[in-house]
Amino acid sequence: MATDVASRGLDIPLVDLVVQIEPPKDVESYIHRSGRTARAGRSGVCITLYDSSNEENLTKAEDLAGVEVEKLDVPT
């Protein structure tokens, strides 16, 4: 997947937003992609779109990273 290659191979400074269409099945990849926004002491936002079929991957990422993901409903 191009996203995996780009997230691991490119160093783009000042990234403050990452949008993921769905959480990867590999939790470490999810954390690595999300971490693009928090390098060198900076902070940022990661938005991940998900549904009930891949919510478990998001929960695993929370546990592994020791963070709490703010979950929002789709706007109507």
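Biologist: What is the relative accessible area of leucine 17?

Modeller: Relative accessible area sorts residues into buried (under 20%), exposed (over 50%) and partly exposed in between, with a 1.4 Å probe and protein chains only. Leucine 17 has 46%, so this residue is partly exposed. The model is predicted: local features need pLDDT of at least 70, side-chain atom pairs count only at pLDDT 80 or more, and totals for chains, interfaces and linings use all residues. Residues are numbered from 1 along each chain as its sequence is written, and side-chain values use heavy atoms, leaving out hydrogens and water.

Biologist: Where is leucine 17 found, and which residues are on the covered and uncovered faces of β1?

Modeller: Helices (H or I, at least four residues) and strands (E, at least two) are DSSP runs, numbered from the N terminus. Leucine 17 belongs to strand β1. The uncovered face of β1 carries Leu17 and Val19, while Val18 and Gln20 are on the covered one.

Biologist: Which residues make the nonpolar surface patch?

Modeller: A patch takes residues with over 30% relative accessible area and no salt bridge, joining like charges within 9 Å and nonpolar side chains (Val, Leu, Ile, Met, Phe, Trp, Tyr) within 5 Å. Here the patch consists of Leu17, Val19, Ile21, Val45, Ile47 and Leu49, and covers about 550 Å². At least two of the patch residues come from β1 (17-20), and at least two from β2 (45-48).

Biologist: How many bridges join β1 to β2?

Modeller: Two strands pair if DSSP finds at least two bridges between them. Between β1 and β2 there are four, and the strands run parallel. Within this pairing, glutamine 20 stands opposite threonine 48 of β2.

Biologist: What pattern does the protein chain follow along the sequence?

Modeller: The order is α-β-α-β-α, that is, three helices and two strands. Of the 76 residues in the protein chain, 25% are buried.

Biologist: Which residues of helix α2 are buried, and where do they fall around the axis?

Modeller: An α-helix has 3.6 residues a turn, so residues three or four places apart point the same way. In α2 (residues 27-34), the buried ones are Val27, Ser29, Tyr30, Arg33 and Ser34. They line one face of the helix, because they fall within an arc of 160° seen down its axis; the arc is that of the directions from the helix axis to the C-beta atoms. Ser29 has a relative accessible area of 9%. Glutamate 28, also placed in α2, counts as exposed at 53% relative accessibility.

Biologist: Which residues are buried in α3?

Modeller: Asn57, Leu58, Ala61 and Glu62 are buried there. Their arc around the axis is only 145°, so they sit on the same side of α3. Glu56, Asp63 and Leu64, on the other side of α3, are exposed.

Biologist: How many salt bridges does a search of the whole structure find?

Modeller: A salt bridge puts a side-chain nitrogen of Lys or Arg within 4 Å of a carboxyl oxygen of Asp or Glu. The search finds two. One joins glutamate 56 to lysine 60, with 3.5 Å between the closest N and O atoms. Both residues lie in α3 (residues 55-65), four residues apart, about one turn of the helix. Glutamate 56 is exposed at 54%, and lysine 60 is partly exposed at 42%. Another joins glutamate 62 to lysine 71, at 3.1 Å from N to O. Glutamate 62 is buried, with a relative accessible area of 11%, whereas lysine 71 is partly exposed at 36%.

Methods: Accessible areas come from the Shrake-Rupley method with a 1.4 Å probe; for residues, only the protein chains shown count as cover.
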